[in-house]
Amino acid sequence: MSSSAFTPAASQPATALYNQPSAEYAEHLHRALDTLHAAVAEFGAAHIIQANSLGAEDVVLHHLIERAGLGIPGFVLQTGQLHPETLALLQHVQQHSQVPVEVFEPVAEHAIAFVQREGQDAMYQSIALRKACCQTRKMEPLARALDGKAAWITGLRREQSGARAEVPLRDASEAGKPVKLNPLANWTWGDVWHYIASHGVRYNPLHDQFYPSIGCAPCTRAISLGEDFRAGRWWWEDDNAKECGLHVKQA
């Protein structure tokens with residue numbers, strides 16, 4: 001597939017539509033496992049945590065961690081705005097996971113106060129308000145999830161967007177912050193779905209409805225033929241603004 005294009009097709013499961021591994025799939029898989037094993041050797045499993053959005057990339061990482069017996073725990077940011085399909089998958093993962101998967105939620109009083117002050121649909125009114133919502137529902141809980149950790153694992157891939165085109169396997173560029181590990185950095189979308197199909201990994205059914213990137217329900221939609229991979233995220237905003245802050249480096 002192209003670097004950022006996503007092509008919806010006939011009504012078939014994502015495992016049938018996108019199971020197209022790259023010629024380098026075996027190498028990509030080997031490097032991902034090497035990255036995870038090296039992290040455990042360097043930091044210890046208890047000092048690493050996987051950020052799990054319950055999207056395709058993150059269910060692959062969760063499965064890799066369990067399959068390799070690495071014992072790395074995970075966390076999910078339950079923003080209070082997730083799709084029912086995502087919540088159902090979260091319940092399944094927690095019930096069947098071999099490693100702990102902790103849920104972090106926004107401070108209830110802060111989320112309530114934001115809605116009372118700015119309204120339920122504040123995210124559509126301005127980028128500033130949308131980012132303020134992300135700060136309350138994602139960034140503050142993320143800080144708690146990463147507190148005391150030496151490293152964290154994400155599902156970032158270079159193919160996802162132009163802003164992520166230079167994502168490294170290991171990023172230690174932010175002083176005083178946990179090292180960010182991106183084991184799937186060089187994987188293609190076809191690689192991701194080949195792994196899911198090959199190992200029978202349970203995934204978010206929204207992917208079958210042309211949601212390649214899944215976030216909060218008010219800020220995520222299905223995409224159409226020829227649209228960019230992340231076109232369904234904050235679709236009312238300028239393309240340059242399509243990050244919530246989780247993966248934006250601070251100056």
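# Reading the fold: exercises with solutions

In β2, the bridge partner of Ala51 is Phe75. The model is predicted: local features need pLDDT of at least 70 and side-chain atom pairs count only at pLDDT 80 or more, while totals for chains, interfaces and linings use all residues. Residues are numbered from 1 along each chain as its sequence is written, and side-chain values use heavy atoms, with hydrogens and water left out.

**Exercise 1.** State how many helices and strands the protein has, and in what order the elements follow each other.

*Solution.* Step 1: count the elements. The protein has seven helices and six strands; helices (H or I, at least four residues) and strands (E, at least two) are DSSP runs, numbered from the N terminus.

Step 1: read them along the chain. Starting at the N terminus, the order is α-α-β-α-β-α-β-α-α-β-β-β-α.

Step 2: Of its 251 residues, 51% are buried (under 20% relative accessible area; exposed is over 50%, partly exposed in between; 1.4 Å probe, protein chains only). Take the contacts (heavy atoms within 4.5 Å) between residues at least 6 apart in sequence. Of these, 73% join residues at least 24 apart.

**Exercise 2.** Work out the order of the strands in the sheet and name the edge strands.

*Solution.* Six strands form an open sheet, and the order across it is β3-β2-β1-β4-β6-β5, with mixed pairing. Two strands pair if DSSP finds at least two bridges between them.

Step 1: find the edges. The edge strands are β3 (101-104) and β5 (170-171), and each pairs on one side only.

**Exercise 3.** Describe which strands pair with β1, and which way its side chains point.

*Solution.* Step 1: go to β4 (residues 151-153). This strand runs parallel to β1, and three bridges join the two. Ile48 has Ala151 of β4 as its bridge partner, and Gln50 has Ile153 of β4.

Step 1: go to β2 (residues 74-77). Two bridges join β2 to β1, again in a parallel pair.

Step 2: look at the faces. In β1 (residues 48-51), Ile48 and Gln50 point one way, Ile49 and Ala51 point the other way, and all are buried. In a regular strand the side chains alternate between the two faces of the sheet.

**Exercise 4.** Classify two helix pairs, α5 with α6 and α3 with α7, by the angles between their axes.

*Solution.* Step 1: for α5 (residues 108-118) and α6 (residues 127-146), the packing angle is about 160° and the axes are 9 Å apart. That makes α5 roughly antiparallel to α6; angles under 35 degrees count as roughly parallel, over 145 as roughly antiparallel, 65 to 115 as roughly perpendicular and the rest as oblique. The contact involves His110, Ala111, Phe114, Val115 and Glu118 of α5, and Leu129, Ala132, Cys133, Thr136 and Arg137 of α6.

Step 1: for α3 and α7 (residues 189-199), the axes come within 10 Å and cross at roughly 50°. That makes α3 oblique to α7. Residues of α3 in the contact include Val59, Val60 and His63, and those of α7 include Trp189, Trp193 and Ile196.

**Exercise 5.** Decide whether Thr136 and Pro84 are buried or exposed.

*Solution.* Step 1: Thr136 lies in α6. Thr136 is buried because its relative accessible area is 19%. Leaving aside residues up to four places away in sequence, Thr136 touches Pro106, His110, Ala111 and Pro141.

Step 1: Pro84 belongs to α4 (residues 84-96). Pro84 has a relative accessible area of 61%, so Pro84 is exposed. The C-alpha atoms of Pro84 and Leu206 are separated by 9.8 Å, although the two are 122 residues apart along the chain.

Technical notes
Axes are lines fitted to C-alpha atoms, for helices over the stretch in contact, and angles run from 0 to 180 degrees between N-to-C directions.
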